[in-house]
Amino acid sequence: MVTTGAAEDRVFAALANGTRREVLRLLRERGPQPVQALADHFDMRRPSLSEHLKVLREAGLVSEERAGRQRIYRLEAAPLADVQDWLHPYERFWRDRFKDLGELLDRMPDDEA
């Protein structure tokens, strides 16, 4: 039986939450942002968002930099390569299934009404 390591488990656990995926999307699309700019996108108190940021930080998906009194968060995409590596065989599986379906549909006679 193949198991993932603790680091990979933290990444998958972090990605399991929609709020954390949205934080990653915001950082990917808009670049590094202070906590308040991120918090403005969510209907939650800042301490709750800080907990999500902590999970992302511990998974290595974001880094934090202090700039004066602000904390600036930046996307760290490298851990997502492990997710992509894990998903790759499933992508191939579905691509093969769709190819088989396409070939089956091509062999079926056209239904003329």
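Trainee: Leaving aside its neighbours within four places in sequence, which residues is Gln33 in contact with?

Mentor: Keep in mind that this is a predicted model. Gln33 is in contact with Leu26, Leu27, Leu38, His41, Arg71, Ile72 and Tyr73 once the neighbours within four places are set aside.

Trainee: And is Gln33 buried or exposed?

Mentor: Gln33 has a relative accessible area of 7%, so it counts as buried, the cut-off being under 20%.

Trainee: What does the side chain of Gln33 reach?

Mentor: The backbone oxygen of Leu26, at 3.3 Å.

Trainee: Where is Gln33 found, and what stands opposite Gln33 in strand 3?

Mentor: Gln33 is found in strand 1, and Tyr73 in strand 3 stands opposite. Strand 1 and strand 3 are paired antiparallel, with 2 bridges.

Trainee: OK, what about strand 2? How many bridges join it to strand 3?

Mentor: There are 6 bridges there, and strand 2 and strand 3 run antiparallel. Val62, for one, stands opposite Leu75 in strand 3. The hairpin of strand 2 and strand 3 has 2 residues between the strands, and Gly68 takes a positive phi near 65° in it.

Trainee: Switching to helix 2. Which of its residues are buried?

Mentor: Thr19, Arg20, Val23, Leu24, Leu26 and Leu27. They sit on the same side of helix 2, because they cover an arc of only 160° around the axis.

Trainee: Why would residues three or four places apart point the same way?

Mentor: An α-helix has 3.6 residues a turn, so residues spaced like that point the same way.

Trainee: What do the buried residues of helix 2 pack against?

Mentor: Several elements, including helix 1 (6-15), helix 4 (46-58) and strand 3 (70-75).

Trainee: And what's going on at the start of helix 2, and just after it?

Mentor: At the start, a side-chain oxygen of Asn17 comes to within 2.8 Å of the backbone nitrogen of Thr19. Just after helix 2, Gly31 has a positive phi of about 80°.

Trainee: Last topic, then. How many residues are in the largest nonpolar core?

Mentor: That core has 19 residues, and Val23, Leu49 and Tyr73 are among those with the most contacts inside it. Helix 2 gives the largest share of this core, 4 residues.

Trainee: What does Leu49 touch, not counting residues up to four places away?

Mentor: Leu49 touches Val23, Val35, Leu38, Ala39, Phe42 and Met44.

Terms used
Residues are numbered from 1 along each chain as its sequence is written. This is a predicted model: local features need pLDDT of at least 70, side-chain atom pairs count only at pLDDT 80 or more; totals for chains, interfaces and linings use all residues. Side-chain values use heavy atoms; hydrogens and water are left out. Buried means under 20% relative accessible area, exposed over 50%, partly exposed in between (1.4 Å probe, protein chains only). The arc is that of the directions from the helix axis to the C-beta atoms. Contact means heavy atoms within 4.5 Å. A polar contact is a pair of N or O atoms within 3.5 Å; within protein, one must be able to donate a hydrogen and the other to accept it, and residues adjacent in sequence count only if both atoms are side-chain atoms. Two strands pair if DSSP finds at least two bridges between them. A nonpolar core is a set of buried Ala, Val, Leu, Ile, Met, Phe, Trp, Tyr and Cys residues joined through side-chain atoms within 4.5 Å.
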